[in-house]
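Please open the model in your viewer and keep the selection tool at hand. The tour below moves from one selection to the next and says what is to be found at each stop.

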Amino acid sequence: MTAIQNEMPRPLAESPTQLAAGGLEPGHFDWAEAWYPIYYVEDLDKAKPTRFTLLGQDVVIWWEPKSQAWRVLADQCPHRLAPLSEGRINEAGLLECPYHGWAFAGSGACEHIPQQPSEGGAHLSNRACVDSLPTKVCQDLLFVYPGKPENAARVSVPIIEALEAEPEGWVMLNTFRDLPYDALTLLENVLDASHIPYTHHKTVSKRENAAPMQMDVVAFDRQGFQGIWPEGPRKGQLGTQHTAFVAPALMYHDLTSKQFGRTLTVVYATPIRKGECRVFARFPFKFSSKLPGFFIKLTPRWYSHIGNNRVLEDDQIFLHLQERLLEKRVLEKGALEKRALEKGASRQENDSSSARPSQRPYAQACYLPTQADRYVVAFRRWVSEFTADPFTHQSLPPEWSTEALMDRYYSHTQHCSSCSVALQRIQKIRLAALILSALFWSLLPLRGVVFGPLPLPINVLLAAIPLAAGAVWLWLGNVEKKFYKGHTTPPRNLPG
């Protein structure tokens, strides 16, 4: 087993011309000083502003016609603090406050105050400006930099490097969802490949694929870590899997097999607030055969998202509960340790552990005895050594209800252009099917009066039409439900 190294390979380390993400303090990783994806560009509407929350800060996303660029401002008017996301993009191409009509450019400068006399200059004051966040569009994602604006240009956007190095031949599946747990919890979960056969049994894996896992962390520093699983998934049937965590919010598994070609599992964990994050899951495939890619391209995006939501819900409930149990245990262990230190616990006992005091409560709360836990241990070491919790000293909100945890509409559908349009079309088709069925049933008694006796095939057809319309109405009703709610019982717990 190779020991964890002190330096990351050159691609993840700081270069002379750039700043590493996380700020300048060596022992602390500042989550504000990094780029985060907040939307797929195809899901944004250029005609209206969109609200998002990043690291607890409400922001408004809008398209500025003058600069032909996506802009992100703090979501509050400096006048009376009304949310600008409730406003509009006016005829001058400015973001207009819904309360009194103050209008702002993408730079955050106030361009117009309707209540001000023409000779007035209140709009020129710094107090009339709105904070503007740097933005970049990379690989079809809108990225935002919430830290010091002057640092943004020197910090690299965390893109999928493999797509840049070999741009040809990839087929991509993308999804996203707002999750009811921390970005740290999400990253810890997706780094842990050992949970997949059990948690995602009958969705993307099977329990019989579980086996001992000999993993190795080959590089570690403030910018993340890299690991290797020589045997790889499915008991070595697919090949070696490489894993990387790029601080603070990107991880990916990289697997190349003779059967399927190259497959990446890429996850961005964008922190919304304590206890909530938005996951951007991207699955680039470079298949050895053209046939799988052909079928993927034929599959509607909204239909893929229904399946993706099902997989996310496999662990949604227990991760939400788990992080609350973890918070409670860590606080309890930390309090006990503090009391022990205050009572003068022996220095020898304190020095006998390689873990820092701030790291010890987590290690005591969770028992991680196997090599399958190597990435989780490395991730928690990173959080501890670089004080990298984005919401330090904040407590998790109260536990959500099961119904709220299984919500799909507010966590995904309403934000997704393909799913929201598909839902509207399904609802219209259902209404048309219902009207058609009702119309034919109401006219059936009159057919003999109007047309006289009809041949049997015609009668069968006239009876079949409302039945078929009713069947379509029922079937689409089942599909419609999938845009609103998930199933509380995951496939792994179903009989058989």
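**Two packed helices**

Begin by selecting helix 3 and helix 11, which are roughly antiparallel to each other because their angle falls in the class over 145 degrees (under 35 counts as roughly parallel, 65 to 115 as roughly perpendicular and the rest as oblique). What you have open is a predicted model, in which local features need pLDDT of at least 70 and side-chain atom pairs count only at pLDDT 80 or more, while totals for chains, interfaces and linings use all residues. Residues are numbered from 1 along each chain as its sequence is written, and side-chain values use heavy atoms, with hydrogens and water left out.

The axes of helix 3 (residues 183–191) and helix 11 (residues 374–385) come within 8 Å and cross at roughly 150°, where axes are lines fitted to C-alpha atoms, for helices over the stretch in contact, and angles run from 0 to 180 degrees between N-to-C directions. Helices here are DSSP runs of H or I with at least four residues, strands are runs of E with at least two, and both are numbered from the N terminus.

Now show side chains: on helix 3 the contact (heavy atoms within 4.5 Å) is made by Leu-184, Leu-187, Glu-188 and Leu-191, and on helix 11 by Tyr-375, Val-376, Phe-379, Arg-380 and Val-383.

Then select helix 3 by itself, and ask how many of its residues are buried. Nine of the nine are buried, so helix 3 is largely enclosed by the rest of the structure; buried means under 20% relative accessible area, exposed over 50% and partly exposed in between, with a 1.4 Å probe and protein chains only.

**The nonpolar cores**

Next, select Trp-31, Ile-61, Leu-186, Phe-225, Phe-379 and Trp-382, which touch the most other members among the 83 residues of the largest nonpolar core. Such a core is a set of buried Ala, Val, Leu, Ile, Met, Phe, Trp, Tyr and Cys residues joined through side-chain atoms within 4.5 Å.

Centre the view on Ile-61, whose contacts, leaving aside neighbours within four places in sequence, include Ile-38, Tyr-39, Leu-44, Phe-52, Trp-70 and Leu-142. A second, separate core of 16 residues includes Trp-62, Ala-74, Cys-97 and Ile-113.

**A buried threonine**

Move on to Thr-199, which is found in helix 4 (residues 196–199) and is buried, with a relative accessible area of 9%. Apart from its neighbours within four places in sequence, Thr-199 is in contact with Asp-314, Asp-315, Phe-318 and Arg-492.

**Backbone stops in loops**

Most residues other than glycine have a negative phi, and most peptide bonds are trans. With that in mind, select Gln-68 in the loop between strand 3 (57–64) and strand 4 (69–74), where phi is positive at about 50° although the residue is not a glycine. Gln-68 counts as exposed, at 52% relative accessibility.

His-393, in the loop between helix 11 and helix 12 (402–405), has a positive phi near 70° and counts as exposed at 81% relative accessibility.

Finish at Pro-248, in the loop between strand 15 (241–246) and strand 16 (250–257); the peptide bond from Ala-247 to Pro-248 is cis, with omega near 5°.
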